[in-house]
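Please open the model in your viewer and keep the sequence panel beside it.

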Amino acid sequence: MFELNKISFLLFLIFNTLFTFDGDAKSAGGETYDLIKPGFSFEGATGTFDRAQLRRGYQVYKEVCASCHSMKQLSFRNLSQKGGPEYTESDAKIFASEFFITDSFDDYGDPIERARVLSDRFPDPYESKEAAKASNNGAYPPDLSLIVKARSGGYNYIYSLLQGYGKEIPEGVEISDTLSYNPWFPGGGIAMYQPLYDESVEYEDGTYASIEQMSADVTAFLAWSAEPEMEERKRLGFIVMSFLFIFALLMFFTTNRLWRDVH
Ligand code: HEC
């Protein structure tokens with residue numbers, strides 16, 4: 001009986017560790033509205049990203065969000081790396097070459113503009129933080145590379161926020177004219193106007209671009225950018241856990257056998 005208890009305790013420990021590895025367990029902390037949780041493919045201990053969804057998400061970012069938000073942690077080569085949207089390298093090269101950068105000077109000291117290459121970062125829409133604020137009523141559009149990790153509620157918060165426009169302002173809530181009401185944003189008044197409308201983009205894969213669809217796709221893309229190594233981490237985690245499990249069983253039977261005749 002005692003041994004059985006020990007085994008179940010071990011199993012409990014192992015599975016507990018396995019499942020707390022999952023990034024889903026963030027607290028929603030004090031929201032008045034419940035977060036919308038559509039259930040993404042990358043959730044859970046073995047969930048992976050949906051490549052087609054990441055590609056659609058990149059399209060939404062590029063065509064809508066990139067006019068205000070930078071994603072400084074991403075380089076164009078990330079778009080073709082394993083575990084991400086997995087575009088071919090030549091596609092990623094083409095994406096890079098659509099943007100220019102000035103990072104060197106000719107012999108006369110004049111700046112040279114060149115097309116970006118795979119090792120270049122995503123472009124910044126504004127010259128400076130001040131310029132960004134000046135264009136957005138004094139509010140700074142945060143860099144989106146790590147935003148999923150930086151907000152309580154994680155990707156479900158971003159997903160809800162993007163769909164949180166057009167709702168009636170409840171009585172007693174005052175929203176200034178320069179802000180939009182969004183129940184998921186702390187305080188309810190956000191300086192970002194509604195960014196997505198049905199068919200804001202025309203998806204290359206033919207998917208209908210509803211607000212809901214685009215919100216999900218760009219959220220998945222942001223979840224990937226916040227942790228590009230997620231799939232690898234889960235794969236390794238699984239291997240380590242399987243090893244520990246087998247090792248624990250072996251140790252259990254060995255100990256049992258060794259001590260069998262002692263008492
Ligand atoms: C016209 C400019 C503009 C566009 C386009 C835009 N945003 Fe924003 N965004 C802002 C500004 C300004 C803020 C800061 C809001 C504030 O602090 O009140 C913001 C804030 C955010 C935040 C942070 C919210 C928080 O909790 O602090 C997220 C996430 C976000 N935007 C995502 C997106 C996504 C995804 C897109 C594309 C679908 C997008 N934005 C398009 C201007 C923009």
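**First stop: helix α7**

Select α7, which has 16 residues and reaches 22 Å from its first C-alpha to its last, close to the 22 Å expected at 1.5 Å a residue; the expected span of a helix is taken as 1.5 Å times one less than its number of residues. Helices (H or I, at least four residues) and strands (E, at least two) are DSSP runs, numbered from the N terminus. Because 13 of the 16 residues of α7 are buried, this helix is largely enclosed by the rest of the structure. A residue is called buried if 20 or more other C-beta atoms lie within 10 Å of its own, exposed if 12 or fewer, and partly exposed in between, with the C-beta atoms placed from the backbone.

Before going on, note that this is a predicted model, in which local features need pLDDT of at least 70 and side-chain atom pairs count only at pLDDT 80 or more, whereas totals for chains, interfaces and linings use all residues. Residues are numbered from 1 along each chain as its sequence is written.

Now select residues 51–63, which form helix α2. The 13 residues of α2 should span 18 Å at 1.5 Å a residue, and because its end C-alpha atoms are 18 Å apart, the two values agree. Among the buried residues of α2 are Leu54, Gly57, Val60 and Tyr61, and the buried residues of this helix pack against α7 (211–226).

Show both helices together: the axes of α2 and α7 come within 7 Å and cross at roughly 100°, the axes being lines fitted to C-alpha atoms, for helices over the stretch in contact, with angles running from 0 to 180 degrees between N-to-C directions. The two helices, α2 and α7, are therefore roughly perpendicular to each other, a term used for angles of 65 to 115 degrees, while those under 35 count as roughly parallel, those over 145 as roughly antiparallel and the rest as oblique. To see the contact itself, select Gln53, Leu54, Arg56, Gly57, Tyr58, Val60 and Tyr61 of α2 with Met214, Asp217, Val218, Ala220, Phe221 and Trp224 of α7; two residues are in contact if their C-beta atoms, placed from the backbone, lie within 7 Å. The residues of this contact divide into nine nonpolar, two polar and two charged, where Ala, Val, Leu, Ile, Met, Phe, Trp, Tyr, Cys and Pro count as nonpolar, Asp, Glu, Lys and Arg as charged, and the others, Gly among them, as polar.

Centre the view on Tyr61 in helix α2, which counts as buried because it has 21 C-beta neighbours inside 10 Å. Leaving aside its neighbours within four places in sequence, Tyr61 is in contact with Ala66, Val218 and Phe221.

**Last stop: the ligand**

Finally, display the ligand with the 22 residues that surround it, of which the closest are Cys65, Cys68, Ala191, Met192 and Pro195; a residue belongs here if its C-beta atom, placed from the backbone, lies within 6 Å of the molecule. Helix α6 (residues 154–162) gives the largest share of this shell, three residues, and the shell divides into 18 nonpolar, three polar and one charged.
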